Amino acid sequence: MIKVIRQYGKRNATSSIFVHFDKNVYSNNDQVWFTGYLLEGIAPIGDYHTLHLTLVNNADSSVVLQKKFLIHEGFAFGDLVLPDSLPGGSYRFVVNTNIRVAGFNVSDFIQPITIKSTTKSLLQPSISLFKSHNDKTQNGTMLLKVLTSDNRFVENAEVKYTIGRDSIWKKASSKTSVIGELMIDFPVNKINAKNNLLSIAIKKDDQVKYLKHELPIINGKKFQINFYPESGYLVNGLFSKVGIEIKDLIRTPLLTTAVLYENEKAIDTVSTNSTGLGFFSIIPNIKFKYSLKILTDDIEVDHYDLPPILSAGVAMHANNVIAEKDFRLKLQSSFDTPVHVVVHNYNDLYLHSEIALKDGVTQNVRLDLDSVPMGLNAITLLDSDFKPLAERIFFSHYDQTNQLQISTDKDVYGTRDSVRLDIHTITRSKNSLQGLVSISCTQANRFSELDNKNIVDYALLERELIHLPANPMGIKVTDREYLNNILLVKGWRRYHWPLLRDGLFAQKKIINEEVSGQIRKGKKNVMLPMELFTIAKSSVHTISSDSTGKFKIPYSNLITDDKDDVWVNLNRKNASDYTLEIHDPAEELKKNIKAQHYEEVVANLSKPVINQAFTDPRGINLKEVVIKSDKGEKIDFANNGYMNNCGDYVCPNNILNCVNHFGNSENKSPKEGGQYRNQNGGVTIYHGCVEHKKDANISILRGIKLGKEFYKFELDNKDEPINMSTIFWNYQQVLDSEGKAVLNFTTGDLTGRFKIVVQGVTANGPIYGEHYITIKRP
């Protein structure tokens, strides 16, 4: 039975990992802290050992930074520094593990972020609609303006642009005028929702900027409407609850009203909420035509036909799909038929009953959920041939979800003050609440609610139901009304039964991606085993190839500390006669990530788009430098003379790589063998910056990094400012069996509102909570 369910199921076939970042709004010289939680795996937990963290620029899908971190027992901890030359804009962190399913290259987790630049930008492009329609040329015109940050015209800037989405039907290049402008024409009558994306690349000297905009659609319908009958299909003569989702042409959810028509007669009024979701009830008649008309300024515009009506079928209806101890629903059929009622999650089968349905008779069903786990589950109706007839998603044991209470000893603190934080998990479940959480305390303005992700919504909803609209009330799971609408619309199922080909639903091969290589002599493979060694973290490991020169490098040989490089060398006297060809899965991953579509375009063309920037509290204001990567993974820092090529520096207070003075023009490059203070107040010796050059038989790989401790502040040193936006980060705080913990941390010198986020996992499921404090000067 479960094999049949898996054939028709929609469950994702990839790992499930959630990553808690300390914030989602960064500056371009910020330190990033994170904790990764493996929630569910498609392989044994011990097979997961590498977390790939990739930073992608949404403007052009370019990979600007990629790091590897160690996964141990399902957890990953790490940090990285964003290069000081990143331009401001919209980015995303893409997370993958070393485990993947053959044929699936989707990302395990994506966290959208915003980078607000502290650099002075030389290109500030904006675009607006100049003319919507020219009667003579039948063209519309967009106006591109390119200015500097001090409002000077940028003339002769190179501009390349395309119009289209998956397929490009127009490509052109030009230059801006003496006043920094360029007119871009587009044929109004040919623009539709499938080809109206305008992508622009602007280059002046070494500066490059990208813009993406939706061209206005003059002709055609002005809304996107999707219909979701509760059972998958509308069936003649059977009651159905129908979910609707209304968006404009740039996919913005609409709060609006519409009128439902049966032929030409208005029979109902339908309203959507701020997420663009709504519903109506109907008993459809196959002889009639049903449509929906949107009300705009009390005027009906456009009409949208409902989906076709089946002449015969089965339907189900549930008044409430947020269940606790039991789940109740009504079943109807337009013909006599036996059905299998199955409750499952596509991997496991929990309940199975056979029921005989009668033509036109409503069958009430009550399902005891004692054997069903908490969270999203599906109820599927199968016919006697085990083909699906209808399905509905519901949430079981909603009363057993966890609630997290966070409190502090006071609401207002002074600078360099002590904060006591109490964490308490509350649930009606009898399970243990022992668990692990990560904790951040960060300036509140470093969070965008639109990009906010929490482990509770992700684990219980978003792993299965993608592209969920934001909930204005906050956490999605805790809002019953939101959850009911989402499960009707985003949890919608409709089946098709094409002839199944042999092997179509065969088990996909699980691949453990490892670094591998080939030894060659000239153009030929070697014909005998050979010895290689790797150097990482001052440790030397030996590995051997097979008789054809093929070898694999265990992940344990690639674990490093702060320095990323790992050397791989052939252990022979005549090593120069041989070459090493290394296959690092990270390189293939880059290509796959770049091919993924993740576009955020500007919806309002009447407003100029400017580079997102803000003044860094440390007073740094650098000239913008475009970041470039070489053929490997190394990202160079801006060539500014006050740090070396490894990114190491000494601040004015003689602290090596001081987090408070990153990018400070008074920094100096450290000297090899020099003694400097470290962030914790101790003394460290600098061992130098070694720039490795690739030899024919030497390969330099990106290592797997270990997480390091969050920096500690010297509270007694008043000359050393504490101006970090994240003032506290804890990778892994243990909760006792009651889900409780108490800890202390200190504030810095920045004032204002700060947000405390606590999230993680317990034996009874995920937990998430927020709390705000205010810091004022004494």
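Trainee: Is C651 buried or exposed?

Mentor: C651 is buried, with a relative accessible area of 4%. Buried means under 20% relative accessible area, exposed means over 50%, and partly exposed is in between (1.4 Å probe, protein chains only). Before we go on, this is a predicted model, so local features need pLDDT of at least 70, side-chain atom pairs count only at pLDDT 80 or more, and totals for chains, interfaces and linings use all residues. Residues are numbered from 1 along each chain as its sequence is written, and side-chain values use heavy atoms, with hydrogens and water left out.

Trainee: And what about C441, buried or exposed?

Mentor: C441 is buried, with a relative accessible area of 0%.

Trainee: How many disulfides are there?

Mentor: A disulfide is a covalent bond between the sulfur atoms of two cysteines. The rule here asks for a pair of cysteine sulfur atoms within 2.5 Å, and the count comes to zero.

Trainee: OK, charges next. How many salt bridges does the whole structure have?

Mentor: Side chains of opposite charge can pair when their charged atoms come close. We call it a salt bridge when a side-chain nitrogen of Lys or Arg is within 4 Å of a carboxyl oxygen of Asp or Glu. A search of the whole structure finds 23 of them. One of these joins K708 and D79, with the closest N and O atoms 3.7 Å apart. K708 sits in the loop between strand 51 (704-705) and strand 52 (726-735), while D79 is in strand 6 (residues 75-81), so the pair ties together parts that are 629 residues apart in sequence. K708 is partly exposed at 33%, whereas D79 is buried at 5%.

Trainee: Which residue forms a salt bridge with E230?

Mentor: That's R392, with the closest N and O atoms 3.0 Å apart. E230 is in the loop between strand 18 (223-229) and strand 19 (234-235), and R392 is in strand 33 (residues 388-396), 162 residues apart. Both E230 and R392 are buried. Then there's a salt-bridge network that links E245, K247 and K490.

Trainee: How do I read a helix? Which residues of helix 4 are buried?

Mentor: An α-helix has 3.6 residues a turn, so residues three or four places apart point the same way. Helices (H or I, at least four residues) and strands (E, at least two) are DSSP runs, numbered from the N terminus. In helix 4 (residues 585-595), the buried ones are P585, A586, L589, K590 and I593. Seen down the axis, they fall within an arc of 145 degrees, so they line one face of helix 4; that arc is taken from the directions from the helix axis to the C-beta atoms. K591 and A595 are exposed, on the face turned away from the buried side. Strand 5 (62-72) and strand 39 (515-521) are among the elements covering the buried residues, where contact means heavy atoms within 4.5 Å.

Trainee: Last one, sheets. What is the strand order in the open sheet of three strands?

Mentor: Strands of a sheet pair through backbone hydrogen bonds, either parallel or antiparallel. Two strands pair if DSSP finds at least two bridges between them. Here the order is 18-20-23, with antiparallel pairing. Strand 18 and strand 23 (277-282) are the edge strands, each pairing on one side only. Strand 18 and strand 20 (residues 240-248) pair over seven bridges, and F227 stands opposite I244 in strand 20.
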